[in-house]
Amino acid sequence: MSISVRGITKIFQNRRDKKVNTIVLKDISFDVAEGEFVSLLGPSGCGKTTTLTIIAGFQKHNEGQILINGKEVNKPGPDRAFVFQNYALFPWMKVGENIMYPMKLSKVPKNERKSKLKELLNMAQLEEYANYYIHELSGGMKQRVALLRALACDPEVLLMDEPLGAVDFQMRKLLQIQLETILQKKNTTVLMVTHDVDEAIYLSDRVIVMSRDHGRIIADVKVDLPRPRDRKSDGYHSYLNRLTDILKSALNGEVKNEEDEDLLEFIKKTKNKHIEYNPC
Ligand SMILES: Nc1ncnc2c1ncn2[C@@H]1O[C@H](COP(=O)(O)OP(=O)(O)O)[C@@H](O)[C@H]1O
Ligand SMILES: [Mg+2]
């Protein structure tokens, strides 16, 4: 399934003072082809998570369209699995139950659920932990469980918000390799938010760089290297250098509050009225 982001604008309006607005995303457009792995890279606060959650349908945009396989979507759906930055696991369920939960919702037979669970736990070296509660795990283990839960139903579109952010270095490299192997086999369409240039190059077919200037896309780089990628190769290093330089320039511009009559008019007219409270 393909993802198409067309002219997305997202404004957060302060509820207490409606004149104070933050334009987080302004007219953002990009496409992810079926089976493609694309990373969204950018400085903190540039709107990466906002973009991903709008695609997931968790929050509404003010302008523009999100198309999945050419069809507009406005709410979450089983076609799009999401891995949250802060895991979002169910603390009252054990590891195994957490991972099997989406399969249960999809009415996958019990024996199938169990064999799939075994396969997934094995893949992430968590075989021993099926009966542990979430609070008994380290941050890295929680993140792996969250990833396995998202993979449980073989989603066609996988949206991941810094999925390996809390995993330690060694495990991170291992999971990157496993993630690549699984996703290549399944032809899953992936959009991953990361702040790690190396991770983006290792995993992605394309890397999109957003800037703090209303999320403006300042680069869309095709990573033209054979898989699995050789971190020691000259080609790999030249992508590393190039993207690190681009990321530095993405730090220019900033998210700022704006008071503007035209903007207020625009918000009034916007077709999606759902506007969040800005706690700042
Ligand atoms: N619900 C919200 N209400 C108000 N402002 C928000 C909300 N969510 C995010 N923002 C603001 O939008 C900007 C982008 O946030 P985010 O998408 O989380 O950035 P990133 O993931 O790139 O670090 C930030 O300035 C943040 O403070
Ligand atoms: Mg974020």
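Leaving aside neighbours within four places in sequence, with which residues is Gln125 in contact? In this predicted model, the residues are Arg144, Met171 and Leu174, where contact means heavy atoms within 4.5 Å. Gln125 sits in the loop between helix H3 (110–123) and helix H4 (139–151). Gln125 is partly exposed, with a relative accessible area of 42%. The classes are buried, under 20% relative accessible area; exposed, over 50%; and partly exposed, in between (1.4 Å probe, protein chains only). Ile11 lies 114 residues from Gln125 along the chain, and the two C-alpha atoms are separated by 42 Å.

Residues are numbered from 1 along each chain as its sequence is written, and chains are lettered from A and ligands numbered from 1 in the order in which they are written. Local features need pLDDT of at least 70, side-chain atom pairs count only at pLDDT 80 or more, and totals for chains, interfaces and linings use all residues, while side-chain values use heavy atoms, with hydrogens and water left out.

The protein chain holds eight helices and eleven strands. These are DSSP runs (helices H or I, at least four residues; strands E, at least two), numbered from the N terminus. Along the principal axes, the C-alpha atoms fill a box of roughly 60 × 45 × 35 Å. Of the 280 residues, 55% count as buried. Among contacts between residues at least 6 apart in sequence, 72% join residues at least 24 apart.

Two buried polar residues were examined. Arg172 is found in helix H5 (residues 169–186). Arg172 counts as buried because its relative accessibility is 9%. Its side chain joins that of Asp196 in a polar contact of 3.2 Å. A polar contact is a pair of N or O atoms within 3.5 Å; within protein, one must be able to donate a hydrogen and the other to accept it, and residues adjacent in sequence count only if both atoms are side-chain atoms. Beyond four places in sequence, the contacts of Arg172 include Leu164, Thr194 and Glu199. Ser39 lies in strand E3 (residues 37–41). Ser39 is buried, at a relative accessible area of 0%. The side chains of Ser39 and Ser204 make a polar contact of 2.6 Å. Beyond four places in sequence, Ser39 also touches Met192, Thr194 and Arg206, among others.

Helix H1 (residues 48–56) is mostly covered, with eight of its nine residues buried. Among them are Lys48, Leu52, Ile54 and Ile55. Gly57 follows H1 and has a positive phi, near 90 degrees.

Backbone geometry was also examined. Most residues other than glycine have a negative phi, and most peptide bonds are trans. Asp27 has a positive phi of about 55 degrees although it is not a glycine. Asp27 is placed in strand E2 (residues 21–32) and counts as exposed at 55% relative accessibility. Asp154 likewise has a positive phi, near 45 degrees. Asp154 occupies the loop between H4 and strand E7 (157–161) and is partly exposed at 38%. The peptide bond from Arg227 to Pro228 is cis, with omega near -10 degrees. Pro228 lies in the loop between strand E10 (217–222) and helix H7 (234–250).
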